[in-house]
Amino acid sequence: MTQRQAGAPSCDSAQVATSCESNGWRLDIARGLRFIFTVAVLSLPGALAWAEDPKPSAPAPVATLDKADQAWMLMSCALVFLMTAPGLALFYSGLVRKKNVLGVMMQCLMLAGLMTVLWGLYGYSLSFGGAPGEAGFSPWVGNGDFVLMRNVTSTFNEATGLVETPVEGSISRLTHMLFQGMFFIITPALICGAFAERMKFSTMVAFMILWGTLVYCPLCHWVWDGGILAFGAADAKFGALDFAGGTVVHISSGVSALVCALVMGKRLGFGHEPMPPHNLTYTVVGAALLWFGWFGFNAGSALNSGAQAASAFCATHFAAAAGALAWPLLEWVFRGKPTVLGCASGAVAGLVCITPASGYVAPMPALAMGLAAGAVCFYACTALKSKFGYDDSLDAFGVHGVGGTLGAVLTGVFATRNITPEGTSGGKLLGLLEGGPLLTPQVMAALVTWVYAAVATFVLLKILDVAMGLRVTQQDEVQGLDYSQHGEEGYIFI
Amino acid sequence: MKKIEAIVRHFKLEEVKHALSELGVRGMTISEVRGFGRQKGHTETYRGTEYTIDFVPKVKIEVVVRNEDVEKTLATILRTAQTGQIGDGKIFVIPLDETVRIRTGETGVDAV
């Protein structure tokens, strides 16, 4: 299933098969590289005039915009944006020491701006450009259909005398672009949790530009735009279900976070100096905002306001609730007290885990997934991290990498055709629980995402280390990123 | 004149303040302080990582009283601030050379 499937320009299976046969993977990679080069050239100011070209090259869409769907999706856009700033900004900033509170908030806020600009320039096109069967479609990377918002915004048609609005399913393509853009914002922001309190801000900016372009956009295309990991796509190698971003968002960011933590090394004093969270009240408010925004994240991924959106909303809420129970209950049993941080972390773990499955599972399996996520992520963040000794500062891997992988796998267990629309399931059995074959492709897609995200992130970090340096100086790290990177302090008491 | 410094638990502040006011103490200064006594600190756990908190937060109350009021002031603080549990705090009595009211220039007990 894809996040643009509902309204993507479609073609019959014969067309898809022909496209698949005629495009070898080497040609696809070459086309992708040519596309990236083209984007760089076209991003020059002189290309702006071209962006205003009133004659779109893509086929004119049939306007079937539904105002109810449009309203829900615009609301969902706002809800997902709320997750990054202030949600994630508060959640993460409460967990760092007070000398780094602004540094973390700045990373979230800056990424909201930076990634939006990239998304508007070329990110959306690289992710969602082209549809299976269309000329120029590649299962590996998007094309230039939507560069600089071409074919996305409304245009006046001289022949008909009407303003024509490109649509994606039952919503405007502009809304689809905005909604997906919110995912492009929060995904790299999640990685910041791993290298918090020690990465140079300038290097972080460069890393996120490269990571968003070379890791997120291709993954997004693979999973949600009929690419090599898209469920039911003719070009798919391991077609897997990912409703709202188990692989695209959480595994990619979580695994990249782990690589960041390993490559960058531990914070100064890690393991022998106290580094407790400086303000858990921020973290709790941030977690609550994440929970709230996640309704748009998951239920909005239906791309309409129908029954699947309601089902995803329910599954999301149930999983978060179960996670918020499981983690503190385990703390209570094994460590004597249920902690507030454990409750907040459990809720987020439940939300992460249900994300890929939210549109495909019933409420009771959603509860089970939330409980499993609370337990597994609790183990990952407490036992696993200390066992291997890596410094994933804010447990970006422990929650998103582990929770996302668990969610992708459990989607293969619990997904059911009773919930999944016929257009996706084709009426066939899906999850292991109902006797379907989905589990294997789910595991394989997760594995591909793990390998790609890890290798790409490792290479990017090594290049940036040579070019710019990854870490702040020891003196700057001791002083804190707020002052050393931004010349400000979070708390000034006069 | 004596200055009495009482380091008490946060939740006992209102009770102590009320009792001292009834006793006739007309002014006091309070501040947030951190420290430890015989019990040392305590441990806190965040996502499985334990931290030893050496300096426990308390409230310090400072009042200035006449020499003849010291005993009943001490008794009042003791009665109201005591829970019987470890960590109830301490009271220090300190000789005071002089007090000056800045507004009027009064000195000694008149300035208290």
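This is a predicted model: local features need pLDDT of at least 70, side-chain atom pairs count only at pLDDT 80 or more; totals for chains, interfaces and linings use all residues.
How many disulfides does a search of the whole structure find over all chains? The search returns 0 disulfides.

**Cysteines of chain A**

C77(A) takes part in no disulfide, and the nearest cysteine sulfur, that of C220(A), lies 14 Å away. With a relative accessibility of 4%, C77(A) counts as buried. For C260(A), the closest cysteine sulfur is that of C192(A), at 8.8 Å, which is too far for a bond. C260(A) also counts as buried, because its relative accessibility is 0%. A disulfide requires the two cysteine sulfur atoms to be within 2.5 Å.

**Chain A as a whole**

Chain A contains 17 helices and 4 strands. Of its 494 residues, 56% are buried. When contacts between residues at least 6 apart in sequence are considered, 78% of those in chain A join residues at least 24 apart. The accessible surface of chain A amounts to about 19,000 Å², and carbon and sulfur atoms account for 69% of that area.

**Confidence in chain A**

The mean pLDDT of chain A is 90, with 87% of its residues reaching 70 or more.

Chain B holds an open sheet of 4 strands in the order 2-5-1-6, with antiparallel pairing. Its edges are formed by strand 2 (29-35) and strand 6 (90-95) of chain B, each of which pairs on one side only. On average, neighbouring strands of this sheet are turned by 25° against each other, direction ignored.

Strand 2 of chain B runs antiparallel to strand 5 (residues 56-65) of chain B, and 7 bridges join the two. Within strand 5 of chain B, K60(B) is the residue that stands opposite S31(B). Helix 2 (residues 70-81) of chain B packs on the sheet, where it touches strand 1 (2-8), strand 5 and strand 6 of chain B. The direction of helix 2 of chain B makes about 5° with that of strand 1 of chain B.

Definitions and conventions:
Residues are numbered from 1 along each chain as its sequence is written. Chains are lettered from A and ligands numbered from 1 in the order in which they are written. Side-chain values use heavy atoms; hydrogens and water are left out. Two strands pair if DSSP finds at least two bridges between them. Axes are lines fitted to C-alpha atoms, for helices over the stretch in contact, and angles run from 0 to 180 degrees between N-to-C directions. Contact means heavy atoms within 4.5 Å. Buried means under 20% relative accessible area, exposed over 50%, partly exposed in between (1.4 Å probe, protein chains only). Accessible areas come from the Shrake-Rupley method with a 1.4 Å probe; for residues, only the protein chains shown count as cover. pLDDT is the predictor's confidence in each residue, from 0 to 100.
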